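Please walk through the reading of a sheet, from strand pairing to helix packing.

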Amino acid sequence: MTTTLTRRLPTLILPPGWVHLPVLDDNAPTAARTLAPLAARGPRDIVTPYVREAERSLVVTLDEARDAGSFAVALLGLPALVPVSTAIALRFLDPAGGTAALPETGESVQTDAGAARRRIVDAAPVDADADAVVLLRTIDYTWLHDGRYLLAFASISGLPGPDYRPITDAMTLLVTTMLDALTWPTADGEVSS
């Protein structure tokens, strides 16, 4: 007889416009399914190249998340297709020997899922090309749950110009609000902190 343990996954509330995607070994079908509604939005000769580029971009994002050990990604916009986009990747990590403890770096915050450590880092290169999409800011959270870590890593990417700074700040507030509201399901499916 084989026993399979299923990890209960945290619940992340997504605002309108966001999409929650599982991270799989093969992410191409997920990208195609997610972006299929775009294909019906205009003339095929105009829309198809856009949809193909969006699919390629989404597969790269999901594959990078898979390679980093993530089990899910939440997205608003796709890099290279909008002036500012945001992604949140979630990952469990077992402690390397010994007992897990929250890291000492970062800000200590209380969230709906319990105590966490949060770091917000501006990442835009000073000499970035104004027309190039770059990583603008990162936000990461670390929680302890059932003897292991839950890591949330958010990235805000976009054009580095000063006109987009207020959007980056607004995205930061949105992401921190979402991650502060992350919760754990109980055994009976109810949400608990």
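**Reading the sheet**

Q: Which residue stands opposite Ala116 in S6?

A: Ala116 stands opposite Trp143 in S6. Strands (DSSP E runs of at least two residues) and helices (H or I runs of at least four) are numbered from the N terminus. The model is predicted, with local features needing pLDDT of at least 70 and side-chain atom pairs pLDDT 80 or more, while totals for chains, interfaces and linings use all residues. Residues are numbered from 1 along each chain as its sequence is written, and side-chain values use heavy atoms, without hydrogens and water.

Q: How many bridges join S5 to S6?

A: Two strands pair if DSSP finds at least two bridges between them. Seven bridges join the antiparallel strands S5 and S6, and 11 join S6 (residues 134–145) to S7 (residues 148–158), also antiparallel. Within the latter pair, Tyr141 faces Ala152 in S7.

Q: What is the strand order of the sheet?

A: The open sheet has seven strands in the order S1-S2-S3-S7-S6-S5-S4, paired antiparallel. S1 (19–22) and S4 (107–111) each have a single partner strand, so one side of each lacks a neighbour in the sheet.

Q: Which strands does helix H3 touch?

A: Contact means heavy atoms within 4.5 Å. Angles, from 0 to 180 degrees, are taken between N-to-C directions of lines fitted to C-alpha atoms, for helices over the stretch in contact. Helix H3 (residues 165–180) packs on the sheet, touching S2, S3 (84–93), S4, S5 (114–122), S6 and S7, and its direction makes about 10 degrees with that of S6.
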